Amino acid sequence: MDVPYILSIVTYLPALAALVILFLPNRSEKGIKSFAFIASLITFILSLHLVFHFDATRGQMQFIESVPWIMAATFHIDHHLGIDGISLFLVILTTFLIPLAILCSWKSITYRIKPYMMCLLVLETGMVGVFCALDLVLFYVFWEVMLIPMYFLIGIWGGERRVYAAVKFILYTMAGSLLMLVAILYLFFANGGTSFDLVQITQRLSSGAIRLSGLHEFWLFMAFLIAFAIKVPMFPFHTWLPDAHVEAPTAGSVILAGVLLKMGTYGLLRFCLPLFPAAAISAAPYISILAIIGIIYGALVAMVQPDLKKLVAYSSVSHMGLVVLGIFAFTTQGLQGSTVQMLNHGLSTGALFLLVGMIYERRHSRMISDFGGLAHVNPVLASVFLVVTLSSIGLPGLNGFVGEILVLAGSFARNKICGSLAALSMVLGAIYMLWMYQRVFLGKLTNPANASLPDIGLREKALLFPIILMMLWIGVYSAPFLQRMEPSLRLVQQRIEDARGAEETYRVTNNKITP
Amino acid sequence: MTTDDILLLLPQLILIVAGVALMLLEPFTPPERKGRMARIAVLAAAVAAYSLKFQWNAHSRTILHGMLIIDNYSAFFQFLFLIITAFSAFLSMKFNERESIQRGEYYALLLFACSGMSLMASSGDLILTFLGIEILSIATYILAGFKRTDIRSNESSLKYFLLGSFATAILLYGIALIYGGTGTTNYISIREMAALEGGVQTTTVIGFGLLLVGFGFKVALVPFHSWVPDVYEGAPTAVTAFMAVGPKAAGFAALLRILVQVFPHLTQDWNPVLWILAILTMTLGNVVAVLQTSVKRMLAYSAIAHAGYILVGVVANSDTGSGAVLFYLVVYTFMNLVAFGVVLSFSRKGDQHVYLDDYAGLGQKAPFAAAALSLALISLAGIPLTGGFMGKFYLFSAAVQKGYIGLAIIGVLNSVVSVYYYFRVLIYMYVKEPGKDATDPEPMAWPVQAIVGIGVIIILFLGIHPDKILALAGYSSLALK
């Protein structure tokens, strides 16, 4: 059965729910929470439709819908949505994490429930929209609109230094994305001022209907790259991340790590590579170096963090570096690994933030030194934490392994040094994660304040169970995921190979002319 | 003069007649009924707006021996000015009562100012442009000092008057030089003169530069902006709202027409200057706005910055650019009217509470007003789904289309700076706790509620479904060709 406008429904349902919440009475906090949860759950269930009806043999966009949006003055902006193998699972990841985020805020958010839930739901619309939008302006609109609820989430419900973190977050992101806007406008006029349609522009770029000089392509690539690099965040644009993560409420951190960071790497895959392949090829060595610096630097800094949340935040810098490295290896394995790793990181880091949040709710501290021997009082929490930790460091049988090994194989095939250095991430990851685990959960119960912490309850179990299930699934049987991604990723790779081929022919012919 | 001409003059006539009538009625109106004078002004503006239908699509004709040009461009702006006037009268209605400055002359001056602005937009002769500017300026000088018992209001008025007189004098000098160079002050004749071989005299070029200074003052371009913060801060907030939108739109209306229609041959010479002015204006306005602790002053600097953005469209000097200027002025009007509407409502009796600290916790105490202000500020910052984004998008696309990439980049980087200070107000409203001796603002008066409500709807409408207004702005700007 084909549901018309299914993407629009999945995208806008949460925003609609937020609108309804606006008119719910302020008093019924429980009603508001339940309504938000149910709305997000329905969105998730509807989004599953996409998985079941996705044609895994095709790499092109599916579930396409296109309605003219703004058709005046010189503009032609379409409300053009569609997903392919790259965005499919990111959409699902988003709709999957939002109900969990709502559930995890059930007790920890005690004031201004109504605007909080509205922010989460509007954020969901923005995020799903980013992954579905196929019109450059529409993409930009979702990309920016999403900042506002995130800004409020950090700014109103965050920790001590929340205002600083929120402002830093929004300024960094805006600075990057506004440059991208100029690049989008430039592309539009290069396209003859006809359309902002991503598919059309990609096609016309690859067929040579739009010609960009090497220099222009480079600058356009840079404009897009900076926007995405800030979001990923790639070294050296990462400094907003630890602040935002530490100050955000648990749900905010989960979404930030789980989905927002993926937008950066998604953007690289969706825009930077297909639109400007030649520039991507020439920039790849430098970006790979930055990615490796990010991987090692993030891991080393994570190792010395006294604060659990900060540790997880820096581990994100390291893990996302790996994703970027895989993308810029331009090999099938690298691209596949990166795409899977986006999912994995969303799951495992999301889960880590949830768990840290649970510990914080009980103990009101995130300092590693305050803990020790928690496994004695919280055995269930400790074992779930272990599973998630192992998934994060890439233990075979869990999801992390699949992504990391593919990325490493992919980048090794491209460049042996890169691959070997990146492999350090697994070693370092194991060190800082296991060491942290040991200091928090193992050993003797040293701090008496920890003696009477309650173990996790039913709500929290219900929250963690689906994530653990997904981790096992991807870890044991990743074929259904990889299959659906592959055709789309091959198209991206093809685009890169074509550009490389064109360059080589060019070089060869040039050599012939000037022997 | 035929009946047709009278029909085309009708908006002007209505404004003047209603203004004079208000002046005459004032002594006979008991104090408790003075609020009705505002309604008369709004009614006059509405009738005048209706009578604009004779001007729309009237096929660009000149009347009164070339003194006035009646085209869609002038009709578009006159409509905008009438909206500004009516909205300002509405905003002032209860505000003036609160501040005990409820007098009929106030509304009469608003109507006169509107008539001056309309003349600026439809003038076909430099002398009439000058008259329009003067009619507008004198009315606003008085309005700025309307709260005569308040020393800040006096300061505001005096400063505006002194600096404004200088600017007008320079403008007049420019007109004289142009007359010297071309032998005429008529737009069409000047253009025809310039088209002749060797028609462009050096005096004309210099005269145009002086003209630019005069307009730069009116629309607050850096370095002619220094009056803005003090004048905006000292004037009664309802007047500030009017000053921030009205004279600026009128200044750009006249400037754009002169640039495109009268001196198209001078753009080569002057575009680099405008380019620099745009960058200076955007940058200074935004950077200094960051330092402000008074919301009113912050909005004053933001108004300077926005003049810079609008100038980007002027620099582009194309159909897209002109359309973008028109569209942006519409968006700009509503963003500012909403922002100042909330500010004047939050300023409390005495019009003093306009500092960031006074906004702490208002998100909880006055949720709807705070939400409206947030939307206006988000729109001023240019975040999508608001009119402000569409406006900037249009302006910068005009710049990119003409190859002014650098200008567009500096423009968007300026937007990042602006996010900082606009969002700081949101932080105060939603995050900060109010101080101990903070007083609550009284509930918003109904006329302000109405204006803010309408403004919010229009800001969202322009952001989500701007087709009609985009097309209208583009179509109206075609009259300049």
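This is a predicted model: local features need pLDDT of at least 70, side-chain atom pairs count only at pLDDT 80 or more; totals for chains, interfaces and linings use all residues.
**View 1. Chain A as a whole.** Chain A holds 20 helices and two strands. Its C-alpha trace spans about 80 × 55 × 45 Å along the principal axes. The radius of gyration of chain A is 22 Å. A compact globule of 515 residues would have a value near 24 Å, so the two agree. Buried residues account for 58% of the 515 residues in chain A. Consider the contacts in chain A between residues at least 6 apart in sequence: 81% of them join residues at least 24 apart.

**View 2. Chain B as a whole.** Chain B has 19 helices and two strands. Along the principal axes, the C-alpha trace of chain B spans about 75 × 55 × 40 Å. Its radius of gyration is 21 Å. For 481 residues, a compact globule would come near 23 Å, which agrees with chain B. Of the 481 residues in chain B, 62% are buried. Among contacts between residues of chain B at least 6 apart in sequence, 79% link residues at least 24 apart.

**View 3. Helices H4 and H5 of chain A.** Two packed helices are described by the angle between their axes and the distance between the axes. Here H4(A) covers residues 113-132 and H5(A) covers residues 136-145. They pack at an angle of about 150 degrees, and their axes are 8 Å apart. Angles over 145 degrees count as roughly antiparallel, so H4(A) is roughly antiparallel to H5(A). The crossing of the two helices is left-handed. From H4(A), the residues at the contact are A:Gly126, A:Gly129 and A:Val130. They meet A:Phe139, A:Phe142, A:Trp143 and A:Val145 of H5(A). By class, this contact between H4(A) and H5(A) has five nonpolar residues, two polar and no charged ones.

**View 4. Where chain A touches chain B.** Contacts between the chains involve 25 residues of chain A and 28 residues of chain B. On the side of chain A that touches chain B, the elements giving two or more residues are H5, H6 (147-157) and H7 (162-190) of chain A. H7(A) gives the most, with 13 residues. By class, this side of chain A has 22 nonpolar, two polar and one charged residues.

**View 5. B:Thr333 and its contacts.** B:Thr333 sits in helix H13 of chain B, which runs over residues 319-346. Is B:Thr333 buried or exposed? It has 24 C-beta neighbours inside 10 Å, so it counts as buried; the cut-off for buried is 20 or more. Neighbours within four places in sequence are set aside here. Beyond them, B:Thr333 is in contact with B:Leu80, B:Ile84, B:Val245 and B:Ala249. B:Ala244 is 89 residues from B:Thr333 along the chain, yet their C-alpha atoms are separated by 8.2 Å.

**View 6. A:Ser207 in helix H8.** Helix H8 of chain A spans residues 198-207, and A:Ser207 lies in it. How many C-beta neighbours does A:Ser207 have inside 10 Å? A:Ser207 has 8, so it counts as exposed; the cut-off for exposed is 12 or fewer. A:Ile83 is 124 residues from A:Ser207 in sequence. In space, the two lie 22 Å apart, C-alpha to C-alpha.

Definitions and conventions
Residues are numbered from 1 along each chain as its sequence is written. Chains are lettered from A and ligands numbered from 1 in the order in which they are written. Axes are lines fitted to C-alpha atoms, for helices over the stretch in contact, and angles run from 0 to 180 degrees between N-to-C directions. Helices (H or I, at least four residues) and strands (E, at least two) are DSSP runs, numbered from the N terminus. Angles under 35 degrees count as roughly parallel, over 145 as roughly antiparallel, 65 to 115 as roughly perpendicular and the rest as oblique. A crossing is left-handed if the near helix is turned anticlockwise from the far one by less than a right angle, and right-handed if clockwise. Two residues are in contact if their C-beta atoms, placed from the backbone, lie within 7 Å. Ala, Val, Leu, Ile, Met, Phe, Trp, Tyr, Cys and Pro count as nonpolar, Asp, Glu, Lys and Arg as charged, and the others, Gly among them, as polar. The radius of gyration is taken over C-alpha atoms; the globule rule is 2.2 Å times the number of residues to the power 0.38.
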